[in-house]
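Work through these exercises with the sequence and the model open side by side. Try each task before reading its solution.

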Amino acid sequence: RGDCPTGSRGGPAARPDFAVLVYPVVTMETSTHRKSRLALLGENPTLELVQFYSLENHVQGWSVQLFLVHSRNDPVVHSNNSVVFAKAYQRAGAPCDFHMIEGSRHGYGPGTRQPIS
């Protein structure tokens, strides 16, 4: 898949086969989770630092296969984080299975007895 980086022994670099991200904080730019940005980058980060820590800026055609889930009206982490990441994957031609769940919950899982919305 494209120009996958090589490891120290000449073969493909060690990396996972896939990733599952559920309501992730991806971007440090627009629609960021303010507390995460503050914790990671501090009060007044440079534009260079913001761009470096915004994962959507690092997607390549060889990026790991991604399964991505977010609630449309998540009250904690804005769903635009997942939208931006899915679009970056699409532009790069990397495999991404994106699911936008209708509803407004954050923190759901298989053990939850309450409905998502």
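**Exercise 1. The sheet**

How many bridges join β1 to strand β2, and do the two run parallel or antiparallel?

Solution. Keep in mind that this is a predicted model.
- Step 1. Locate β2 at residues 65-71. Five bridges join β1 to this strand, and the two run parallel.
- Step 2. Pick one residue in the pairing. Val-22 has Val-69 in β2 as its bridge partner.
- Step 3. Extend to the whole sheet. Three strands make an open sheet, ordered β1-β2-β3, with parallel pairing.
- Step 4. Find the edges. β1 (18-22) and β3 (96-101) each have a single partner strand, so one side of each lacks a neighbour in the sheet.

**Exercise 2. The order of elements**

State how many helices and strands the chain has, and in which order the elements run.

Solution. 
- Step 1. Count the elements: three helices and three strands.
- Step 2. Read from the N terminus: β-α-α-β-α-β.
- Step 3. Look at contacts between residues at least 6 apart in sequence. Of these, 68% join residues at least 24 apart.

**Exercise 3. Aromatic pairs**

How many aromatic pairs are there, and what is the geometry of Phe-85 and Tyr-89?

Solution. 
- Step 1. The count is two aromatic pairs.
- Step 2. Take Phe-52 and Tyr-53. Their centres are 5.0 Å apart, with 85° between the planes, and the pair is edge-to-face.
- Step 3. Take Phe-85 and Tyr-89. The ring centres lie 5.3 Å apart and the planes stand at 80°, so this pair is edge-to-face.
- Step 4. Locate the second pair. Phe-85 and Tyr-89 both sit in helix α3, four residues apart, about one turn of the helix.
- Step 5. Compare burial. Phe-85 and Tyr-89 are both buried. Tyr-53 has 38% relative accessibility, so it counts as partly exposed.

**Exercise 4. Asp-74**

Is Asp-74 buried or exposed, and what does its side chain contact?

Solution. 
- Step 1. Find the residue. Asp-74 is in the loop between β2 and α3.
- Step 2. Apply the cut-off: buried means under 20% relative accessible area. Asp-74 has 8% relative accessibility, so it counts as buried.
- Step 3. Look for a polar partner. The Asp-74 side chain makes a polar contact with the side chain of His-70, at 3.4 Å.
- Step 4. Not counting residues up to four places away, Asp-74 touches Tyr-23, Gly-103, Ser-104, Arg-105 and His-106.

Notes. Residues are numbered from 1 along each chain as its sequence is written. This is a predicted model: local features need pLDDT of at least 70, side-chain atom pairs count only at pLDDT 80 or more; totals for chains, interfaces and linings use all residues. Side-chain values use heavy atoms; hydrogens and water are left out. Two strands pair if DSSP finds at least two bridges between them. Rings of Phe, Tyr and Trp (its six-membered ring) pair if their centres lie within 6.5 Å; planes under 30 degrees apart count as stacked, over 60 as edge-to-face and the rest as tilted. Buried means under 20% relative accessible area, exposed over 50%, partly exposed in between (1.4 Å probe, protein chains only). A polar contact is a pair of N or O atoms within 3.5 Å; within protein, one must be able to donate a hydrogen and the other to accept it, and residues adjacent in sequence count only if both atoms are side-chain atoms. Contact means heavy atoms within 4.5 Å.
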